[in-house]
Amino acid sequence: MNARTVRRLAAAAAVSTALTALTACSGGDDTAPAANGEVAVAGVKIAEDGALHDALPEEIKKAGTVKVATDVPYPPFEMYVKEGESRLTGLDYDLGQALGAKLGVRFEFTPQKFDGIVPAIQAGKFHAAMSAITDNKERQKVVDFVDYSRSGSGILVAEGNPEKVATLDDLCGREVAVQTATNQLDLLRSHQSACRKAGRGGIGIQTYPKDSDAQLALRSGKAVAQLLTGPAAGWTARTADGGKAFDLVEDPAAPGGYNASPNGIVVSKRLPELRDAIQKALQALIDDGTVTKIYDKYGVASIAVEVATKNAAVD
């Protein structure tokens, strides 16, 4: 095994709280209407592409809205502008507003528990979902993906890393918090055999309905670590209590996080035209640099992709 290190990330500035009139949830940050029907996202003015708008399904064009499910909070992907309010911000929210502007419709975000997102799309409650959802073949059986980032799982520990966790193997025989129905839960379960083979005891997996609940378990000492997506782990370490609550474990053997895989915008299988239009709009935003600016804003430029793929699961 390579040398192992743990580094506490420096505190970052909080997300700004400017309002936007683009969604029913009313969003925050620097996403706002601009002149001549354009929309400004992360300082970039985005205009509608008429051809992409025309390619949308008739029900979307008629309503002028794409109904999007998201699990909040899961920083830096989705967050509330202010605790106790409904206004949203975050990478997924900003990207959704940029895609909506390019397509000439509104991306209307509605909070939904993570494990209920795919069933809700299947039931027709939502057209799509943006919530740092891992594209995998099991999910592809019932929904489609437009892949917009690539990242793995990260380990979050208490500040100072009192239990000296340095790799995934160090979670063996210890209590670990994780959100239910996630790729991170699957990773912990699949690692149990390696723990037993090493004679270190199994991982005590604690599942929680929301990422914030799992984080609370880590704060309270019920768990020695939390497993979540690498970008979310890094953002939490940077921002929670001014960067003084948690550390991010950085394993040199897994620089992109464990089991790095594509994250995708989930789209209902009954709306292939919407899937294809989103893919083309995303590629246009990649090509003109808008995606890079949005990702830079949240300190996760490393997870951006150069090509917007469809259903690119690696499992």
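What percentage of the 315 residues in the protein do buried residues make up? And how many cavities of 30 Å³ or more does the structure hold, and what is the volume of the largest cavity?

Modeller: Buried residues make up 55% of the 315 residues. Buried means under 20% relative accessible area, exposed means over 50%, and partly exposed lies in between, with a 1.4 Å probe and protein chains only. This is a predicted model, in which local features need pLDDT of at least 70 and side-chain atom pairs count only at pLDDT 80 or more, while totals for chains, interfaces and linings use all residues. Residues are numbered from 1 along each chain as its sequence is written, and side-chain values use heavy atoms, with hydrogens and water left out.

The protein has 11 helices and 16 strands. Both are DSSP runs numbered from the N terminus: helices are H or I with at least four residues, strands are E with at least two. Next come contacts, meaning heavy atoms within 4.5 Å. Take the contacts with a separation of 6 or more: 74% of them join residues 24 or more positions apart.

Now the nonpolar cores. A nonpolar core is a set of buried Ala, Val, Leu, Ile, Met, Phe, Trp, Tyr and Cys residues, joined through side-chain atoms within 4.5 Å. The largest one has 58 residues, and Leu99 and Phe107 have the most contacts inside it. Beyond its neighbours within four places in sequence, Leu99 contacts Phe107, Met130, Ile265, Ile278, Ala281, Leu282 and Leu285. Another core, of 18 residues, lies apart from the largest one; among its members are Ile155, Leu227, Ala254 and Tyr258. In soluble globular proteins, nonpolar side chains tend to be buried together.

On to the cavities. The structure holds two cavities of 30 Å³ or more. A cavity is a set of points, on a 1 Å grid over the protein atoms alone, where a 1.4 Å probe fits but cannot get out; lining residues have an atom within 4 Å of a point. Grid points are joined across faces, edges and corners, and the volume is the space filled by probe spheres set on the points.

The largest cavity has a volume of about 100 Å³. It is lined by 13 residues, and the closest to its centre are Tyr74, Phe114, Ala132, Thr182 and Gln184. Strand β9 (128-134) and helix α6 (183-190) each give two or more residues to this lining. β9 gives the most, with four residues. The lining holds four nonpolar, seven polar and two charged residues. Here Ala, Val, Leu, Ile, Met, Phe, Trp, Tyr, Cys and Pro count as nonpolar, Asp, Glu, Lys and Arg as charged, and the others, Gly among them, as polar.

Ala132 is buried, at 5% relative accessibility. Its phi is positive, about 50 degrees, although Ala132 is not a glycine. Asn161 also has a positive phi, near 50 degrees, and is not a glycine either. Asn161 lies in the loop between β10 and β11 (175-179). It is buried too, with a relative accessible area of 6%.

The second largest cavity holds about 30 Å³ of space. Its lining consists of Thr134, Ser151, Gly152, Ser153, Asn183, Gln184, Thr229, Ser261 and Asn263. β10 has the largest share, three residues. By type, the lining has nine polar residues, no nonpolar ones and no charged ones.

One loop deserves a stop. Pro73 lies in the loop between β5 (65-70) and β6 (79-80). The peptide bond from Val72 to Pro73 is cis, with omega near 0 degrees. Pro76 lies in the loop between β5 and β6 as well. A cis peptide bond joins Pro75 and Pro76, with omega about 5 degrees. The C-alpha atoms of Pro76 and Gly234 are 8.9 Å apart, although 158 residues separate the two along the chain. Gly234 belongs to helix α9 (residues 230-239), and with a relative accessible area of 9% Gly234 is buried.

Last, Val305, in strand β16 (residues 304-310). Setting aside residues up to four places away in sequence, Val305 touches Asp147, Tyr148, Ser149, Arg150 and Ile286.

Terms used
1 Å grid on protein atoms, 1.4 Å probe; cavity = no way out; pocket = protein on both sides within 12 Å on 5 of 7 lines; lining within 4 Å.
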